[in-house]
Amino acid sequence: RAPGPRAHFADTARRLFATLAAMLDKLAVNSLIVVPAVLGLLWSAKEWVSVSKVKLDGHPDLLAKQDSRAATSNKDIVNEMIKIAKTIQDGAMSFLFAEYTYMAVYIVLFSIVLIKFTGVPTTIAFVVGAVTSILCGWIGMMIAVYTNVRTTHQCWRDLKSGFDVAIQGGCVMGLSLVSIGVLALFALIEVFKKMFDFESPEVMYEAIAGYGLGGSSIALFGRVGGGIYTKAADVGADLSGKNDYGLEEDDYRNPACIADNVGDNVGDIAGMGADLFGSFAESTCAALVLAASSPDLKQGWCSLMYPVLISSTGIVVGLLTLLVQSAMYPVNGMPDVEKALKGILVISTVLMSPVVVALSKFCLAGEFSMGEGYEHVHWSYCAISIMLGLWSGLIIGYVTEYYTSHSYSPVREISETQKQSAATGIIYGLALGYLSCIVPVVCLGITILIAHTLCGMFGVALGALGMLGTM
């Protein structure tokens, strides 16, 4: 017997409510991606304004008598600081302009190759990733050269003031990098869904993987090119300036000293920014490709966007960390600086842990398939994979601090060996360098092994996202 009008109405209502629920689910997920990213950009802008409000006036009537150059007025000292900072900024901009010129040529040439072998969508994703990586590096370099002289000026007053300015400048790079990366990736996904007719979600996300390729390609230029430049300048400052002319390595009259500072900005800051963006883009794209290959995860927008949500919620965690750090780790003396920086890492890791569990619980199905051999993956396995990467990053950070800080015995032991001979110091330093790799390698090995055992390659990608979750 044919269904009556009442049954037909009930069936239509059920379909309507199901469609509405799906739309609300997608709206909530999109909001959870876009809103934190926009919030991160707004906070970055706020911190940039805060840094710009620092007046380079030499703190009149405050430190003139304490300064080692008391014969010179504060105004003259500040003018000299501004002059040196301007020289470093001009050098950094000149280097970036030359480097980005070569990057532009590379992007054009490699895009031609990609169009031939992979198609237009992958090429577009590659170009977007490359340009975003360049933008992240440039923002990092600009805020660095802008903040450096102001941090020095505020440290002239007291250590806390200088630390606050340094943290504000660092926030601009960190938050803007992740926020721009998340927004660019999300926009790319939405545009690809409307512009191209892909056979399946797997094909679309494989094309979007070009976003990570573009980011990592530019990171290679920025990190290696800037690193080689700064090391060459550093050696020049030692050999030429110090040995030939008797100038100290950090004497601003030594041209190589200025070049060394330029290299620090373009390599360790602009290059690091591009490098971090490349790592974020690659790990996120890898997780998206693997999620799209799962017959269960690709059915829901929330589960498909799970990797992107990890990074977007990490922005909120970062903002909360900054608010908590100032209360838990106040900086009043030199030892407090190291404690505060490590405290930021600890706080962010602790805050991110419950967020990871909640995301995994609500975004993923209770059990889903990730392919042959992983037909029954529980949502908690994904949370464990991310947590392994998250806490491994914390451990690696502490180990790095132990082997590179003058507060601990390894660096002090190297300095003691230098009293015997330079060769002894080199050999001992090399040995300690090898020793410092043991704990990080063990942490990475355990993370990869357990994550792969639980979730396959999807778990490995999530472990990488966990390490970058507090970026």
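**Thr101.** I began with Thr101, which counts as partly exposed because its relative accessibility is 40%. The cut-offs I use are buried for under 20% relative accessible area, exposed for over 50% and partly exposed in between, with a 1.4 Å probe and protein chains only. Thr101 has its place in helix H2, residues 74-117. I also looked up how far Thr101 is from Val377: 276 residues in sequence and 47 Å in space, C-alpha to C-alpha.

**Ground rules.** This is a predicted model, so I note that local features need pLDDT of at least 70, side-chain atom pairs count only at pLDDT 80 or more, and totals for chains, interfaces and linings use all residues. Residues are numbered from 1 along each chain as its sequence is written, and side-chain values use heavy atoms, with hydrogens and water left out.

**The whole chain.** I find 15 helices and two strands in the chain; these are DSSP runs numbered from the N terminus, with helices being H or I of at least four residues and strands E of at least two. The C-alpha trace spans about 105 × 50 × 45 Å along its principal axes. Of the 471 residues, 43% count as buried. Taking contacts (heavy atoms within 4.5 Å) between residues at least 6 apart in sequence, 75% join residues at least 24 apart.

**H3 and H4.** At what angle do the axes of H3 and H4 cross? Helix H3 (residues 120-157) and helix H4 (residues 159-195) cross at roughly 170 degrees, and their axes come within 8 Å. I therefore write H3 down as roughly antiparallel to H4. Angles run from 0 to 180 degrees between N-to-C directions, and the axes are lines fitted to C-alpha atoms, for helices over the stretch in contact. Under 35 degrees counts as roughly parallel, over 145 as roughly antiparallel, 65 to 115 as roughly perpendicular and the rest as oblique.

**Cores.** A nonpolar core here is a set of buried Ala, Val, Leu, Ile, Met, Phe, Trp, Tyr and Cys residues joined through side-chain atoms within 4.5 Å. The largest one has 73 residues, and Tyr205, Met305 and Tyr306 touch the most other members. H4 gives this core its largest share, 16 residues. Apart from it I noted another core of 19 residues, including Ile88, Phe95, Met103 and Ile107. Back at Tyr306, its contacts beyond four places in sequence include Leu359, Cys363, Ile386, Phe458 and Leu462.

**H15.** Phe458 and Leu462 took me on to H15, where both are among the buried residues, along with Gly459, Ala461 and Leu465.

**Lys342.** Is Lys342 buried or exposed? Lys342 is buried, because its relative accessible area is 17%. Lys342 lies in helix H10, residues 334-363. Beyond four places in sequence, Lys342 is in contact with Tyr398, Glu401 and Tyr408.

**Gly425.** My last stop was Gly425 in helix H13, residues 422-436. Gly425 counts as buried, because its relative accessibility is 4%. Leaving out residues up to four places away, Gly425 touches Ile414, Thr417 and Gln418.
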